[in-house]
Structures are given as structure tokens and as C-alpha cells.
Amino acid sequence: MSLIIDNLRSFFPNMDFTRDSTGLIKCEVTVNELMTIVLRLHNELSFESLQTISCTDWIEENTLHLNYILYSYTHNETVFVAVKIPRELADDGSKRTVVFIPSLEKIWPQANHFERELWEMFGISVTGHSNLKEFFLEDWQNLPPMRRDFDTLDFVNQKFDFRPGREDNKDVTAERKRVRGVKAALKAKEESNGERENG
């Protein structure tokens, strides 16, 4: 057993901490438990670095899965803290989730950018964040684009036109095959002509 897992189990006896085959420590918490456990990891167990916050849209489960990946240089350990929140959006037209996650930027400043991305791309509501505004998108009025119910093809067809000269929109694979066929025929013809000249 490791020092980190023993410590976490002693403070959070009702939580399940596991170590996977690659050595990563994993646990799943509720939104309400998130701040308590990350403060423990940061302040008491020397997890100095928030590596990233990732999100996966599990539309089949109607949930968004967040993974907070923390690293300790002191202990050379990585912890994945997973949080699941409902996908449901508020009915106020904001296109943001009903459930809010707490901002971690006062613990790890790099959380600022990760949380802005989650807010913009998945519509996740964040409390306590100092700068929630456009990050990658400009004047975006649609559903957050990384949500799986966002129809990328429909959006592209409505917003963009093909560049002049590309109206035929040929299939790249078929066109590459056709060009290879033309080159092979030319090469065969050249070889045939060479044989006739020599023979």
C-alpha cells in the first residue's frame, strides 16, 4: 500500500481509492466533495501540479465526466479525481449546465484556462472563476461545440461555402487511386516503348 492511498483512506474512509496497472491512483467524488479532496491533495500531500482537467460527454448516460489529473513531484505520484455531473442545461438560454463546479484557480492558477475551455466547449458552469469569457470561439451563439448533440456537419453547411474551384468536392481516396492508376499506365507505356526501341 502507498503512503498517498493510506493517507487518503484515513481521511476519506467512505471513498474508494484504487491503483491501476500503470500506477495511477484513481477515485470518484461528487461535486460537493471535490474541493475537500483536492485541498487535501494540494495542502497536505504535496500535489503541486494540476496537469489538466479533461471532459468526456457520455450522452448515453446523460452525464459529463470530468477528470482532474494531479501530479506530485515530491512523491512522483499521479492522482485522477473523477467527477460526474448531469448534462442538463439551464433553461435560461445561457447554454450552461444546471450544476456548477467550483473553480480551482486559487489552488492551481493553470485551472483558469482549463475551466474556461470546459465552460466554452462543454457549457459547464463554474463558480468562483475570475475570467469566464470567450477563449477560442468568437460571438458563439450555438450549443457548446464539444457536446455530442452539437451537429458539426449541419453547422458547417449553414455557415461556410466551398472555396471557388472546389465545387466538385471529389472524394480524396478515390481521386488518389485514380492518379496512381494514371501514373502506372504512363510508366507501363514508357517501359513498353523502351523495349520496342531496344528490341
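Just after helix 3, Gly123 takes a positive phi of about 75 degrees; helices (H or I, at least four residues) and strands (E, at least two) are DSSP runs, numbered from the N terminus. The model is predicted: local features need pLDDT of at least 70, side-chain atom pairs count only at pLDDT 80 or more, and totals for chains, interfaces and linings use all residues. Residues are numbered from 1 along each chain as its sequence is written, and side-chain values use heavy atoms, with hydrogens and water left out.

**Helix 3**
- Because 10 of its 12 residues are buried, helix 3 is largely enclosed by the rest of the structure (buried means under 20% relative accessible area, exposed over 50%, partly exposed in between, with a 1.4 Å probe and protein chains only).
- Among the buried residues are Phe114, Leu118, Trp119 and Phe122.
- The buried residues of helix 3 pack against strand 3 (49-58), strand 4 (63-72), strand 6 (100-102) and strand 7 (125-127), where contact means heavy atoms within 4.5 Å.

**Strand 2 and its partners**
- Strand 2 (residues 25-29) has a covered face of Ile25, Cys27 and Val29, while Lys26 and Glu28 form the uncovered one.
- Strand 1 (residues 18-19) pairs with strand 2 in the antiparallel sense over 2 bridges; two strands pair if DSSP finds at least two bridges between them.
- These strands form a hairpin with 5 residues between them, and Gly23 in the turn has a positive phi of about 95 degrees.
- Strand 5 (residues 77-86) pairs with strand 2 in the parallel sense over 5 bridges.
- Lys26 stands opposite Thr18, and its bridge partner in strand 5 is Phe80.
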